[in-house]
Amino acid sequence: ETVLNPVEPIKLNIEGNSNTTPAQKSKAKTFMHVLVAVLIVVAIVGFFAFSKSGLKNKFQSPLSINNHAVDSDEFSFMYHYILIENGVDVFAKDAQEMLNSASEDPNYATNRDYFLDITAQELQTTQLLYDDATKHSLNIEDKHYAMANAYVDWLSTKADELDISLDTYIKGVFGSQVDEKCVVNTLAKKYFTEDYASDAKLVELQATSEQANEAYMSNQNIYDLVSYKILRITYEQREDAFISTANLHANQIIEAMGNDPDKFEAVAADYFSGTAQEKLKEPDSTLIKDVRFGDVTHDEFRTWLFDLERNPGDTIIFSDEDGFPIILCFVKRTPQSTPLRNVKIIEVSSIPADENGENGFSLSDAQTLSQSIYDYIENETKLQSVENYFTDEVLSDTIHITSSVDTYPGKFSELLDSWIFNADRKSGDKEILEDENGFYVIYFISESEKPEWYDRVNSFIRMNNYQAFLNEMTTEYSYKFNQSGLEQIYDVP
């Protein structure tokens, strides 16, 4: 897994200058790929470096993993891929100086050494996952090559903008030893192992029923929901006599309800009048339902409510800052049982024009763009590439994209919640919703087959199991640099 750059990244100009429409854009796998083209557009002068590195000399392997040599082209591609991913503009005038300077990480002499090692770790993880997957009779699929080719198609559009060939563009970005075939094969392998690690491998490493139950019982507060009722009795007057009367009434309510939470409102109504009394005559009008541990910000409330010894009908009186009573009545405690939903939400916002009446994005424009996005995401494959297909809109903050694999009731607004948790909802459903903030294009991917508490427990356990697997395998898949090969990996291709 690529880690964040510990050094101060060189700032890039990411405004872009493309006039292409969304329908003309090519698809890529991740948002960061946009930086590649922008980097070249901003620093086209860096292409002179291609001529010095385009010699057809014999390239040596810069790295071996598990005693198997990694080809120079594969390493060079991944090295520059990671540099760009970490915000390094290799064509900036001080880029070479930055990479040659001392690393802030004491484990590395220079920043170049740091990024070379991160590249080795990335290739190491990819290789061990690939070998493990193929042992389970899994192989790279057409969809992984399609994703890789979509990235190359996108590179091609950037090469066209510069009026150069795709091959020149690739060599100018990733190294003279890199060609289109290398990009496709390296990315397809990467995408394949990422899919394997996030799907089949995690299924293999998932928690057993015994492990799940043990983890649940050891920390129920994380996986439970609490429902309770709350009532504050107060008067406009703040004299002690009124405070004493309010506390007396609170104790009388508790005594009269007799540990039956269903009687709470009806009993309390006798101590109120007018609108407050009418509201209290409605059953469960004071009920706060299905609260998570982290939702309760009052420390004393949270400690009392989530006490494992709490029983339905238990009550307690807390005092507000004036001494008036706040009655809490415990109703029930249940595991998080509603299955998690996996959804993607694209929020399209209107943007007010500046003082000159320019650079705005009207509500009508937002509605039109929402419809374009809705029409584009005709299936899950298209959904995965929406960030890159609408790149300019993402960069301009016109749209904000949220991928939520662990959607639970209450995570989003009531508008989104009501659509997501509709009983008739099924995979592939999509809709455009509107509120005062703009439009939401929402796509329903899937619903878990397990209750939420199990998925959360399982996620924790299987990630621990996955990390243990990686730790064990990285020992077997040790890597070693070859200095002669590294000397042929140019920071500026």
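Okay, let's start at Asp-290, which sits in strand E4, residues 287-291. This is a predicted model, by the way, so keep that in mind for everything I say.

Now, who is touching Asp-290? The side chain of Ser-227 reaches the backbone nitrogen of Asp-290 at 3.0 Å. Is Ser-227 buried or exposed? Its relative accessible area is 2%, and anything under 20% is called buried, so Ser-227 is buried. If you skip the neighbours within four places in sequence, the contacts of Ser-227 are Leu-287, Ile-288, Lys-289 and Asp-290, and then Phe-330, Val-331 and Lys-332.

Four strands make an open, antiparallel sheet, and the order is E4-E3-E6-E5. Which strands stand at the edges? Those are E4 and strand E5, 315-319; each has a single partner strand, so one side of each has no neighbour in the sheet. On average, and ignoring direction, neighbouring strands here are turned by 30° against each other. At the E5 end, E5 pairs with strand E6, residues 325-335, through five bridges in the antiparallel sense. If you want a pair to click on, take Ile-316, whose bridge partner in E6 is Leu-328. There's a helix on this sheet as well: H12, residues 240-257, lies across E3, E5 and E6, and runs at about 35° to E6.

Okay, next sheet. Again we have four strands in an open sheet with antiparallel pairing, this time in the order E8-E7-E10-E9. The edge strands are E8, 399-407, and E9, 430-435, and each of them pairs on one side only. From one strand to the next, the twist averages 20°. E9 is joined to strand E10, residues 438-447, by six bridges, and the two run antiparallel. For a pair to look at here, go to Lys-430: its bridge partner in E10 is Tyr-443. And which helix packs on this sheet? That's H16, residues 363-376, which touches strand E7 (341-348) along with E8, E9 and E10, and its direction makes about 20° with that of E10.

Let's move on to the helices. Take H5 and H21: their axes come within 11 Å and cross at roughly 100°. That makes H5 roughly perpendicular to H21. From H5, the residues making the contact are Gln-124, Thr-125, Leu-128, Leu-129 and Asp-132; from H21, they are Tyr-466, Phe-469, Leu-470, Met-473 and Thr-474.

The largest core has 58 residues, and the ones with the most contacts inside it are Phe-75, Phe-77 and Phe-174. Where do its residues come from? The elements giving two or more residues are strand E1 (63-65) and helices H3 (72-85), H4 (95-100), H5 (111-135), H6 (142-161), H7 (166-174), H8 (180-198) and H21 (452-476). There's a second, separate core too, with 18 residues, including Ile-346, Phe-361, Ala-366 and Ile-377.

Leaving out its neighbours within four places in sequence, Phe-77 is in contact with Tyr-151, Phe-174, Val-178, Cys-182, Val-183, Thr-186 and Leu-187.

One more aspartate before I wrap up. Asp-163 is in the loop between H6 and H7. Here phi is near 60°, again a positive value in a residue other than glycine. Is Asp-163 buried or exposed? With a relative accessibility of 71%, Asp-163 counts as exposed.

And the whole chain, to finish. How many helices and strands are there? The chain has 22 helices and 11 strands. Of its 493 residues, 45% are buried. And if you take contacts between residues at least 6 apart in sequence, 73% of them join residues at least 24 apart. That's it from me!

Conventions
Residues numbered from 1 in each chain as written. Predicted model: local features only at pLDDT ≥ 70, side-chain atom pairs only at ≥ 80, totals over all residues. Heavy atoms only, no water. Core = buried A, V, L, I, M, F, W, Y, C linked by side-chain atoms within 4.5 Å. Buried < 20%, exposed > 50% of the residue type's maximum accessible area, 1.4 Å probe, protein only. Contact = heavy atoms within 4.5 Å. Pairing = 2+ DSSP bridges. Axes fitted to C-alpha atoms, helices over the stretch in contact; angles between N-to-C directions. Polar contact = N/O pair within 3.5 Å; in protein donor to acceptor, adjacent residues only side chain to side chain. Parallel < 35°, antiparallel > 145°, perpendicular 65-115°, else oblique.
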